[in-house]
Structures are given as C-alpha cells and as structure tokens.
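Subject: Structure handover and notes

Dear colleague,

I am passing on the structure below, together with notes on what was found in it. Please read the notes alongside the coordinates.

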Amino acid sequence: MQKSALILILLFLAGCGFSPLYVERESGSKWYYNAKFDTSIVEEMQQVKVEPIADRFGQQLRNNLLDSLTPKGTPKHPKYRLFVKLTSKRTYDQALRQDITATRRMVVYKVSYYMMEGTNKLFTSNSIAYTSYDILKNPYSTTVAEQKADTDAAKIIGNDIALRVGAYFHSVITKQGSTSDI
C-alpha cells in the first residue's frame with residue numbers, strides 16, 4: 001500500500017512540472033533522473049557576494065545568506081553582488097485582554113533585494129516574513145521572545161532569498177544549457 005502511494009505521489013510530481021533544483025537529467029527523452037547532481041548552480045551561487053545590511057536584523061539576515069549561498073567562504077573575486085534592505089518592520093497587537101492590553105504581538109518584516117552582475121541588474125524582488133511572540137509579565141522574557149522573533153524572521157527571509165537566487169540560476173542555466181553564458 002505504501003509503495004503504491006509513493007508511486008502515485010512521484011507520478012503526480014512528475015506531471016505537475018516539478019523539477020529538482022540541483023539535479024540534472026540523464027537524457028532529454030527520459031522522465032527520470034540518474035542521481036547526478038548539477039553542481040553548476042551551486043558554483044554560481046558561491047560567486048555571490050552579499051553586501052552588508054544595516055542593523056542587527058540585517059546582520060542576522062546576512063549571516064543566514066552567507067551560510068546558504070557561500071558556505072565555503074566569501075568569494076575572492078565575486079561575479080555577482082546581492083543587495084538587501086529591510087523596507088519595513090510593523091508590529092500588530094493580538095489577543096487583547098478585557099482591559100485592552102495585548103498578550104501577543106505579530107511582527108511583519110518586509111525586505112527588498114536585487115542582484116547585480118557588474119553594472120547589470122539581474123533581478124529584483126521582495127520577501128515577507130510573519131512572526132509572533134507572547135507578551136509576558138516579565139519584561140526580560142518579552143525582550144528575549146522579541147529577539148527570537150527577529151532571529152526566526154531573518155532565517156525565513158534568508159532561506160527565501162537563497163531559494164530565489166538558486167531558482168534564478170536554475171532558470172538561466174536551463175534556458176541556456178551552460179553556465180558560461182550567464
């Protein structure tokens with residue numbers, strides 16, 4: 001029963017246009033993959049220099065991007081530069097008590113970013129993260145919870161940006177067939 005369910009899921013994914021980001025096809029006529037990994041996308045991602053981002057949130061976001069894009073270290077001669085800016089951070093009170101004091105706060109982070117190759121802007125986009133935390137009687141606990149929300153949002157946005165950068169390289173490599181033309 002489990003094998004048939006797995007086969008149905010794989011057929012569904014094959015039919016919906018799902019394509020793994022880091023895997024190359026063995027042949028254009030076959031629908032399966034031969035477990036060879038396409039390292040050209042990873043190599044292109046390792047050529048991205050993440051420019052400094054303002055404030056503590058920006059520092060956390062930049063560190064997450066460096067871990068995702070360039071885990072072996074910053075490139076000496078980067079081919080691409082990624083610019084990221086926190087455009088807004090809004091807080092909303094939730095779960096109000098009868099005396100209209102909040103017991104929970106939601107925070108919405110919006111970030112805009114673009115990537116350049118030399119003087120050419122390759123793409124621009126935005127990313128949004130929603131986090132929340134409890135407002136407790138102890139102010140220290142509330143501060144720690146707020147800092148945790150910032151850290152979580154930096155991870156969410158960092159993962160989103162890294163995925164979009166990888167998807168960009170995947171689309172360019174898929175269209176052109178090689179990284180020499182990127």
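**Salt bridges**

Arginine 105 and aspartate 93 meet through their side chains in a salt bridge, with N to O at 3.0 Å; the term stands for a side-chain nitrogen of Lys or Arg within 4 Å of a carboxyl oxygen of Asp or Glu. Because arginine 105 belongs to strand E5 and aspartate 93 to strand E4, the pair ties together parts that are 12 residues apart in sequence. Helices (H or I, at least four residues) and strands (E, at least two) are DSSP runs, numbered from the N terminus. Arginine 105 is partly exposed, its relative accessible area being 24%, and aspartate 93 is also partly exposed, at 48%; here buried means under 20% relative accessible area, exposed over 50%, and partly exposed in between, with a 1.4 Å probe and protein chains only.

Before going further, please note that this is a predicted model, in which local features need pLDDT of at least 70 and side-chain atom pairs count only at pLDDT 80 or more, while totals for chains, interfaces and linings use all residues. Residues are numbered from 1 along each chain as its sequence is written, and side-chain values use heavy atoms, with hydrogens and water left out.

By the salt-bridge rule, the count comes to 8. One of them joins lysine 89 to aspartate 150, with the closest N and O atoms 3.3 Å apart. This pair links distant parts of the chain, since lysine 89 is in strand E4 and aspartate 150 in helix H4, 61 residues apart. Lysine 89 counts as partly exposed at 39% relative accessibility, whereas aspartate 150 is buried at 17%. Another salt bridge is formed by the side chains of glutamate 51 and lysine 49 (3.9 Å, N to O), where glutamate 51 counts as buried at 15% relative accessibility and lysine 49 as partly exposed at 29%. Lys49 and Glu51 are also linked with Arg81 in a network of salt bridges.

**The sheet**

An open sheet is formed by 4 strands in the order E3-E4-E5-E6, with mixed pairing; two strands are taken to pair if DSSP finds at least two bridges between them. Strand E3 (48-50) and strand E6 (120-134) stand at the edges with a single partner strand each, so one side of each is left without a neighbour in the sheet. On average, and with direction ignored, neighbouring strands of this sheet are turned by 25 degrees against each other; the axes are lines fitted to C-alpha atoms.

E3 and strand E4 (residues 80-96) run parallel and are joined by 3 bridges. In this pairing valine 50 stands opposite leucine 82 in E4, and lysine 49 has arginine 81 as its bridge partner in E4. E4 pairs with strand E5 (residues 102-117) in the antiparallel sense, over 14 bridges. The hairpin of E4 and E5 has 5 residues between the strands, and in it isoleucine 100 takes a positive phi near 65 degrees.

Aspartate 150 is found in helix H4 (residues 139-176). Besides its salt bridge with lysine 89, aspartate 150 has a polar contact of 2.3 Å between its side chain and that of tyrosine 109; a polar contact is a pair of N or O atoms within 3.5 Å, where within protein one must be able to donate a hydrogen and the other to accept it, and residues adjacent in sequence count only if both atoms are side-chain atoms. Leaving aside neighbours within four places in sequence, aspartate 150 is in contact (heavy atoms within 4.5 Å) with Phe57, Gln60, Lys89 and Tyr109.

Threonine 131 lies in strand E6 and is buried, with a relative accessible area of 8%. Not counting residues up to four places away in sequence, threonine 131 touches residues including Arg105, Tyr109, Ala149 and Ile156.

**The protein as a whole**

The protein has 4 helices and 6 strands, which follow the pattern α-β-β-α-β-α-β-β-β-α along the sequence. Buried residues make up 31% of its 182 residues. Among the contacts in the protein with a separation of 6 or more, 56% are between residues 24 or more positions apart.

Best regards

Key: Axes are lines fitted to C-alpha atoms, for helices over the stretch in contact, and angles run from 0 to 180 degrees between N-to-C directions.
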